[in-house]
Structure formats: structure tokens, C-alpha cells
Amino acid sequence: SDQRMPVWGFGAKYNGDVRHCFQCGQEVEVEGVQGIMDAYRGVFRTPLTMSFPTKFTEVLETAASYARHEQEMAAEDARLSYTILLL
């Protein structure tokens, strides 16, 4: 494993718009658990505020698309790939 992971948030308002899936942090992928924590904490330094309703559909679709892409990239190099979604 390369220890790089995307971090997405869900259920928040940004500039008055509810976002059901958004990237946490500046980078698409972060490194390790510390990167996850830093990305998550960084969200609270923005104008974004937690909101409702919580709708997981967009996060699940984004995660599935990411997992498919990673599988395709690994298959091209005859590698195995796995993706874990942690909510």
C-alpha cells in the first residue's frame, strides 16, 4: 500500500450551499492517518459549517468511482488493488 488516501466530507454548507460530498484538504490524496486528521481539521478553518440532511449517496458514488479507477489502473500493471470506505 502506498498509504495515500482521499478524504471526503459530507453534510456541510459552504457559501449557503449544502454539499453532500466534498474534498477535505488541499490535496486529492493524503498520506497516512496524520494526513487524514490534518485534512479533516483543515475543514474547520474554512467558511464551511456542518449541516444536514446527511445523504450518503454522493459519497458512496464517489467512493465507488474511485475504487473502479484504482482497480483499472492496477490491472494495467498486473497489480492487485483494494479500497476501504470508512464512514
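Which residues of helix 2 are buried? In helix 2, the buried residues are Val59, Ala63, Tyr66, Ala67 and Ala74, where buried means under 20% relative accessible area, exposed over 50%, and partly exposed in between, with a 1.4 Å probe and protein chains only. The model is predicted, so that local features need pLDDT of at least 70 and side-chain atom pairs count only at pLDDT 80 or more, while totals for chains, interfaces and linings use all residues. Residues are numbered from 1 along each chain as its sequence is written, and side-chain values use heavy atoms, with hydrogens and water left out.

**Helices**

Helices (H or I, at least four residues) and strands (E, at least two) are DSSP runs, numbered from the N terminus. The buried residues of helix 2 fall within an arc of 100° when seen down its axis, so they line one face of the helix; the arc is that of the directions from the helix axis to the C-beta atoms. Glu61, Arg68, Ala75 and Glu76 are exposed on the other side of helix 2. The buried residues pack against strand 2 (8–9), contact meaning heavy atoms within 4.5 Å. Helix 2 comprises residues 57–76, and its 20 residues should span 28 Å at 1.5 Å a residue, which agrees with the 29 Å between its end C-alpha atoms. The expected span is 1.5 Å times one less than the number of residues. Just after helix 2, Ala78 has a positive phi of about 55°.

Helix 1 (residues 32–43) buries Gly32, Gly35, Ala39, Gly42 and Val43. These residues cover an arc of only 110° around the axis, which puts them on the same side of helix 1. They pack against strand 1 (4–5), strand 5 (22–23) and strand 6 (30–31).

**Core and sheet**

Ala39 and Val43 also belong to the largest nonpolar core, whose eight residues include Val7, Phe22 and Leu48. Such a core is a set of buried Ala, Val, Leu, Ile, Met, Phe, Trp, Tyr and Cys residues joined through side-chain atoms within 4.5 Å. Not counting residues up to four places away in sequence, Ala39 touches Val7, Cys24, Gly25 and Val30.

Three strands form an open antiparallel sheet in the order 4-3-7, pairing being assigned if DSSP finds at least two bridges between two strands. Strand 4 (17–19) and strand 7 (49–50) are the edge strands, each pairing on one side only. Two bridges join strand 3 (residues 12–14) to strand 7, and Lys13 has Thr49 as its bridge partner there. In the loop between strand 7 and helix 2 lies Ser51, which counts as buried at 17% relative accessibility. Ser51 touches Gly11, Ala12, Lys13 and Val18, leaving out residues up to four places away in sequence.

**Salt bridges**

The structure holds four salt bridges, each defined by a side-chain nitrogen of Lys or Arg within 4 Å of a carboxyl oxygen of Asp or Glu.

Arg4 in strand 1 and Glu31 in strand 6 are 27 residues apart and link distant parts of the chain. Arg4 is partly exposed at 33% relative accessibility, whereas Glu31 is exposed at 54%. Arg4, Glu29 and Glu31 are linked in a network of salt bridges. Arg41 and Asp38, three residues apart in helix 1, are separated by about one helical turn.
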